Amino acid sequence: MHTKQESNPKTTLMLQINHANPEPEKIQIATQIIQNGGLVAFPTETVYGLGANALNSNTILALFKTKNRPMDNPPILHIADNSQVYLLAKEVPKNAEILMKKFWPGPLTLIFKRSNTIPKETVANLDTVAIRIPKHNIALSLIKQSGTPLAAPSANLSGKPSPTTAQHVYNDLNGKIDAILDGGSTNIGLESTVLDLSADPPLLLRPGATTFEDIQAVLPNVIMHPIINYKQNIEIKHARSPGMLHKHYAPNAEMLLIDGAVQDIISKITALSEQYTHEGKKIGILATDETQKAYAITNTIKSMGSRLNLNTIAKNLFKELRDFNESPVDIILAESVPLDGIGLAVMNRLQKASNYKIIKA
Ligand code: TXA
Ligand code: MG
């Protein structure tokens with residue numbers, strides 16, 4: 001490698017912290033770092049975020065650089081109290097107030113027209129801003145103590161799966177950030193739902209644990225961005241959410257997503273794994289509890305969890321994708337799951353991880 005080593009890598013402080021009742025002295029250490037313009041990774045109910053003072057443009061530039069994140073992809077602003085929205089948004093539509101009341105704190109990010117109090121670096125020059133209140137005591141304590149909204153993209157290197165443990169954060173960012181608050185594994189395991197309320201009708205940009213059905217029950221006119229429903233083979237020229245077009249979640253090996261009825265998926269994966277093995281390739285299979293025994297044990301087989309519980313699959317997915325990087329596989333054959341509820345979000349991440357290489361079973 002010709003890349004110059006960074007001359008003075010940071011020492012990244014790893015702090016174990018109680019997730020239900022975070023120790024005030026540990027929150028205090030993290031708060032000091034945030035207030036001094038540093039970067040602190042912390043758990044939320046979805047994935048770990050990399051927190052920075054959203055109102056400090058220098059810190060925000062450092063945040064982008066640290067993650068290696070494209071400058072056109074703004075972070076979500078994390079707040080602790082509904083009242084903070086009125087300072088950050090130019091207008092708060094009635095729809096938003098209903099959703100805030102029903103789903104905050106929780107895994108729902110809302111896009112508003114933004115106020116001018118936010119530095120343009122923080123919003124990548126857009127005239128909108130993404131905001132959410134996380135449902136996690138460590139995150140909430142840190143935001144409250146810091147006294148500022150925290151910009152917090154997922155705490156991974158750009159392109160990697162989002163981190164669901166402090167160890168994942170450490171693996172990607174050790175030496176580049178100031179501290180990691182280790183509050184254990186995150187509960188949901190996929191990033192928050194992103195809903196654009198600056199659009200009319202409201203537009204789902206990223207599916208998550210607050211499901212499309214949940215939102216539809218409140219806003220019957222909500223629509224899904226076409227890229228979320230991968231079955232429509234469309235070309236996206238101008239993405240509404242910048243993150244939509246960037247490479248995501250990719251394991252090192254090439255990944256193919258096999259879609260269809262379960263029995264057909266098993267047959268297709270079996271046939272493909274035989275074919276690729278014959279070509280001298282090492283095969284990984286991303287399966288489920290119910291199907292994993294159907295495959296030849298010469299493959300590296302990992303289960304996302306039971307098909308009867310899509311929440312578990314959501315929780316495990318990014319860990320399994322990361323774990324494949326520890327195995328010598330050339331191609332990963334991944335099973336699809338049903339699109340109901342959080343299944344839509346799981347499938348969206350699987351589609352992205354496969355770079356939309358989807359095979360009909
Ligand atoms: O669950 C989560 O949302 C996690 C935790 C840490 O809160 N955060 C997270 O952040 O996933 P990030 O930065 O990895 O993803 C933010 C997404 C990106 O797809 C980005 O393009 C989109 O939100 N986004 C941010 N600001 C936007 C805006 N003004 N308009 C449209 N999309 C926006
Ligand atoms: Mg991310």
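1. How many residues surround ligand 1, and which are the closest? The shell holds 26 residues, and Thr46, Arg69, Asn73, His78 and Ser192 are the closest. A residue counts as near a molecule or strand if one of its heavy atoms lies within 4 Å of it.

2. Some ground rules come next. This is a predicted model, in which local features need pLDDT of at least 70 and side-chain atom pairs count only at pLDDT 80 or more, while totals for chains, interfaces and linings use all residues. Residues are numbered from 1 along each chain as its sequence is written, chains are lettered from A and ligands numbered from 1 in the order in which they are written, and side-chain values use heavy atoms, with hydrogens and water left out.

3. Polar side chains reach ligand 1 at several points. A polar side-chain atom of Ser192 is 2.6 Å from an oxygen atom of ligand 1. For Arg69, an N or O atom of the side chain is 2.8 Å from an oxygen atom of the ligand, and for Arg132 a polar side-chain atom lies 3.1 Å from a ligand oxygen. The protein covers 96% of the 690 Å² of accessible area that ligand 1 has on its own. Accessible areas come from the Shrake-Rupley method with a 1.4 Å probe; for residues, only the protein chains shown count as cover.

4. The shell around ligand 1 divides into 12 nonpolar, nine polar and five charged residues. Here Ala, Val, Leu, Ile, Met, Phe, Trp, Tyr, Cys and Pro count as nonpolar, Asp, Glu, Lys and Arg as charged, and the others, Gly among them, as polar. Strands E3 (48–53), E6 (128–132) and E10 (203–206) each supply at least two shell residues. E6 gives the largest share, four residues. Helices (H or I, at least four residues) and strands (E, at least two) are DSSP runs, numbered from the N terminus.

5. An open sheet of 11 strands has mixed pairing and the order E1-E8-E2-E3-E7-E4-E6-E5-E9-E10-E11. Its edge strands are E1 (13–16) and E11, each of which pairs on one side only. Two strands pair if DSSP finds at least two bridges between them. E3 and E7 run antiparallel and are joined by two bridges; Ala52 stands opposite Ala151 in E7.

6. A hairpin of six residues links E9 to E10. Leu195 stands opposite Leu204 in E10, and Leu204 has Met224 as its bridge partner in E11. E10 and E11 (residues 223–224) pair in the parallel sense over two bridges.

7. Helix H5 (residues 137–146) has Ile138, Ala139, Leu140, Leu142, Ile143 and Ser146 buried. These pack against helix H1 (24–35) and strands E2 (40–43), E4 (77–78), E7 (150–151) and E8 (179–182); contact means heavy atoms within 4.5 Å. Gly147 follows H5 and has a positive phi, near 70 degrees.

8. Strand E15 (residues 331–335) contains Ala334, which is buried with a relative accessible area of 0%. Not counting residues up to four places away in sequence, Ala334 touches Met255, Leu256, Leu257, Ile258, Ile269, Leu286 and Leu350. The C-alpha atoms of Ala334 and Leu286 are separated by 4.5 Å, although the residues are 48 apart along the chain.

9. Some backbone values deserve a check. Most residues other than glycine have a negative phi, and most peptide bonds are trans. Trp104 and Pro105 are joined by a cis peptide bond, with omega about -10 degrees. Another cis bond joins Asp200 and Pro201, with omega about 0 degrees; Pro201 lies in the loop between E9 and E10. Asn68 has a positive phi near 65 degrees and is exposed, at 59% relative accessible area. Ala124 has a positive phi near 50 degrees and is buried, at 14%.

Notes
Polar contact = N/O pair within 3.5 Å; in protein donor to acceptor, adjacent residues only side chain to side chain. Buried < 20%, exposed > 50% of the residue type's maximum accessible area, 1.4 Å probe, protein only.
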